[in-house]
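Here are my quick notes on this one, for you to read with the structure open. I start with the ligand site and finish with a pair of helices.

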Amino acid sequence: MQNIIELQNVAKSYGNTIALQLNRLAIGEGELYLLAGPNGSGKSTLLNILGFLTRPDRGDLLFSGERVDWKRGTMTRLRRQVTLLHQSPYLFRGNVYDNVAYGLSLRGMGGVKAREVVSEALATVGLDGFQLRKHTELSGGEAQRVAMARALALRPKLLLLDEPLANVDQKSARVLEEVIAALPSMGTTVVMSSHDPDQQQRLPCKPIRLQGGRLAAPAMEEERTFLRHLLPLPALQV
Ligand code: ADP
């Protein structure tokens with residue numbers, strides 16, 4: 001399996017706070033990763049680095065094997081392949097169509113082609129027909145689905161999701177979870193941060209766990225180690 005992005009010896013601090021310190025993290029192409037960890041463990045910092053929005057203080061990023069040089073020309077090309085969706089997305093004034101088509105128009109796509117892509121992206125999140133709704137006429141969950149459609153319309157190779165289901169109603173959460181689960185098979189690699197411990201059971205995903213800006217052992221592994229330490233009986237299999 002090829003890695004879409006790899007971090008090597010990456011560190012990022014804010015003043016005296018080390019937000020992230022990773023020896024190596026490789027994100028395999030066509031996978032769904034669930035990023036977990038307590039508040040302040042570095043999840044947002046990692047997503048911003050993966051999205052090329054924050055430059056680490058040190059270390060290297062490889063995108064599809066290419067070493068990222070952070071020069072403007074390179075970054076414009078690379079940023080077009082990655083999209084970050086926030087927990088509370090910002091929708092522009094205007095209607096749903098304007099919002100979903102915005103990124104496409106920046107890339108020179110308009111007319112019939114744009115209408116087709118917008119309609120397809122909205123259908124994916126169960127909102128085809130919402131094109132003319134004003135952004136003020138959407139529920140929180142619908143707004144998040146529109147933001148997801150806006151991200152999908154750009155067909156990113158890597159989609160980064162910062163707690164996308166935190167503020168949405170149950171129906172929208174279910175729709176979004178189904179969309180997210182299907183993305184890897186459609187060629188989009190996903191890294192999603194989440195506070196929901198059950199999500200790991202529901203989604204076919206690989207866990208990444210951060211603790212104090214570092215990679216932590218997966219929860220199960222920590223638990224096993226703890227049990228082995230407590231009960232060092234040779235017959236006990238944990
Ligand atoms: P998480 O997303 O897991 O809550 P963050 O990546 O937001 O974690 O934060 C990691 C650490 O870096 C925290 O201690 C946080 O306070 C600090 N931090 C993050 N962003 C900034 C910033 N812009 N300025 C100062 N400190 C920050």
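1. Keep in mind that this is a predicted model. Sorted by class, the shell around the ligand holds three nonpolar residues, seven polar ones and one charged one.

2. Who is in that shell? The ligand has Y14, T17 and A19 around it, together with P38, N39, G40, S41, G42, K43, S44 and T45.

3. Have a look at the backbone here. A polar backbone atom of G40 sits 2.7 Å from an oxygen atom of the ligand. For S44, a polar backbone atom is 2.8 Å from a ligand oxygen, and for G42 the distance from a polar backbone atom to a ligand oxygen is 3.1 Å.

4. How much of the ligand does the protein bury? On its own the ligand exposes 550 Å², and the protein buries 58% of that.

5. As for secondary structure, β2 (17-28) and α1 (43-50) are the elements that give two or more residues to the shell around the ligand. The largest share, three residues, comes from α1.

6. Now for the helix pair. Helix α3 (residues 96-106) packs with helix α5 (residues 140-153) at an angle of about 30 degrees, and their axes are 8 Å apart. Angles under 35 degrees count as roughly parallel, so α3 is roughly parallel to α5.

7. Is the crossing of α3 and α5 left-handed or right-handed? In this model, α3 and α5 make a right-handed crossing.

Key. Residues are numbered from 1 along each chain as its sequence is written. This is a predicted model: local features need pLDDT of at least 70, side-chain atom pairs count only at pLDDT 80 or more; totals for chains, interfaces and linings use all residues. Side-chain values use heavy atoms; hydrogens and water are left out. A residue is near a molecule or strand if one of its heavy atoms lies within 4 Å of it. A polar contact is a pair of N or O atoms within 3.5 Å; within protein, one must be able to donate a hydrogen and the other to accept it, and residues adjacent in sequence count only if both atoms are side-chain atoms. Accessible areas come from the Shrake-Rupley method with a 1.4 Å probe; for residues, only the protein chains shown count as cover. Helices (H or I, at least four residues) and strands (E, at least two) are DSSP runs, numbered from the N terminus. Ala, Val, Leu, Ile, Met, Phe, Trp, Tyr, Cys and Pro count as nonpolar, Asp, Glu, Lys and Arg as charged, and the others, Gly among them, as polar. Axes are lines fitted to C-alpha atoms, for helices over the stretch in contact, and angles run from 0 to 180 degrees between N-to-C directions. Angles under 35 degrees count as roughly parallel, over 145 as roughly antiparallel, 65 to 115 as roughly perpendicular and the rest as oblique. A crossing is left-handed if the near helix is turned anticlockwise from the far one by less than a right angle, and right-handed if clockwise.
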